[in-house]
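Have the 3D view open as you read.

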Amino acid sequence: MTPSRDISRLIEIMTTLRTPGSGCPWDLEQNFATIAPYTIEEAYEVADAIARGDLGDLRDELGDLLLQVVFHARMAEEQNAFSFGDVVEAITAKMIRRHPHVFADHVFADHVFADKDGRLTPSDVKGAWDRIKAEEKAERAARRPREETAHKSLLSGVKAGQPALSRAMELQRKASSVGFDWNDPRAVLHKIREEADEIEAALDRGDADELAAETGDLLFALVNLARHVGADPDMALRGTNAKFERRFGYIERALAAAGRSLEGASLAEMDALWNEAKGEEPRPSTSAETEAGHRR
C-alpha cells in the first residue's frame, strides 16, 4: 500500500488496520474511550506547532489529527452508526447553514443584518453564527427523549468539550454563584487532605477503578483550591511543568559533565541533584518582602 494525497487511501488504511485477523492488534483493541485522549493530545500538538510557527510540523500534526477523525469514524461505521462520509456531510451542511451571508440562497440568509450599504462586519457575522448555533442546539434538544430535557440544570451551560481543568473551574464557579461553595481556602485544603486519605485507603484495596475515581476527586479539589486563591489551574500547572523540565535538565547536564548517564545514576543521586537545582533557583519574593522593597 502506497501513500496518497487522496483521503480515500487514508480511510482504506484505517479499514485495513481494523480488519480482524489481518489488522493491527493494537488498533483492533481500541474503542472511542481509549482513542479520545490521543485525539485531545493531537489537538494540543496542532496548537503547539502554530505557537512555534513551524508550518512543516503543523502539516504533520494536522495529519495526525485527521487520523483521529478517520479512526473514530471507522469505529462508528463498524457499529453501523455513521461513516467518514457522514461526518463530512454533517460539517459541510453546518458550514453552509452558518454562513448565510456567503451562501445567500440558503434558508437562513435572513439571520444576517447588514448595514444600509450592504456591508458586513466580523461582529455581524459572529452574531449570525451565534443565533444559528443556538437554533441548532434547541433543535438537538427537541429531538432528545423527554426525560433528558425535562430538567434544565444550572450547570447545563458549562461546555462539555473544554479541557478538564477549565471545565472543573467553570462548574465550581456556577455552583458558587448560588452559594454552594466553601468560604475559606483552608476548608478546601482540608478537603484535599481528605481526598488524599481516600486515595491511600484505595491503594490498600488495590482497586484500579476506585483509584482513578479518587484521583479525579483530588484533582477537582485542587482546582477548587486554585480558584479560591485566585490562581488559574492550567497556568499554574504549566509553570510547574516548566519548573520540572528545568530541574530535570539540570540533573541531565550535571550527570553528563561527570561522564554519567541517567540510567547509571541512582534515585538518591538524582534527588540530590534535583535539590541542587532547586537551591540555585531564585526564591520567589513574598508580598511582605515586595512591600519592604518598595519602601526602601
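At what angle do the axes of α11 and helix α12 cross, and within what distance do they come? Keep in mind that this is a predicted model. The two helices, α11 and α12 (residues 267-280), cross at roughly 120°, and their axes come within 9 Å. As for handedness, α11 passes α12 in a right-handed crossing.

Now zoom in on who touches whom. From α11, the contact takes in F244, R247, F248, Y250, I251, A254 and L255, while α12 brings M270, L273, W274, E276, A277, K278 and E280. Sort these residues by class and you get 10 nonpolar and four charged, with no polar ones.

F244 and F248 sit four residues apart in helix α11 (residues 233-257), which is about one turn of the helix. Their ring centres are 6.0 Å apart and their planes are at 10°, so the pair is stacked. Bring in W274 from the α12 side of the contact, and ring pairs link F244, F248 and W274 into a cluster.

The structure holds three aromatic pairs, and another one is found at W26 and Y38. Here the ring centres are 5.8 Å apart and the planes are at 80°; that is over the 60 degrees needed, so this pair is edge-to-face. This pair links distant parts of the chain: W26 belongs to helix α2 (residues 25-28) and Y38 to helix α3 (residues 32-52), 12 residues apart. W26 comes out as partly exposed at 38% relative accessibility, and Y38 is partly exposed too, with 36%.

One last stop: R167, in helix α8 (residues 164-176). With 25% relative accessibility, R167 counts as partly exposed, because the buried class is kept for values under 20%. Which residues does R167 contact, leaving aside its neighbours within four places in sequence? They are V158, K159, A160 and Q162. Further along the chain, V223 is 56 residues from R167 in sequence, yet their C-alpha atoms are 9.9 Å apart in space.

How values were computed
Residues numbered from 1 in each chain as written. Predicted model: local features only at pLDDT ≥ 70, side-chain atom pairs only at ≥ 80, totals over all residues. Heavy atoms only, no water. Phe/Tyr/Trp six-rings, centres within 6.5 Å; stacked < 30°, edge-to-face > 60°. Buried < 20%, exposed > 50% of the residue type's maximum accessible area, 1.4 Å probe, protein only. Axes fitted to C-alpha atoms, helices over the stretch in contact; angles between N-to-C directions. Left-handed = near helix turned anticlockwise from the far one by under 90°. Contact = heavy atoms within 4.5 Å. Nonpolar A, V, L, I, M, F, W, Y, C, P; charged D, E, K, R; others polar.
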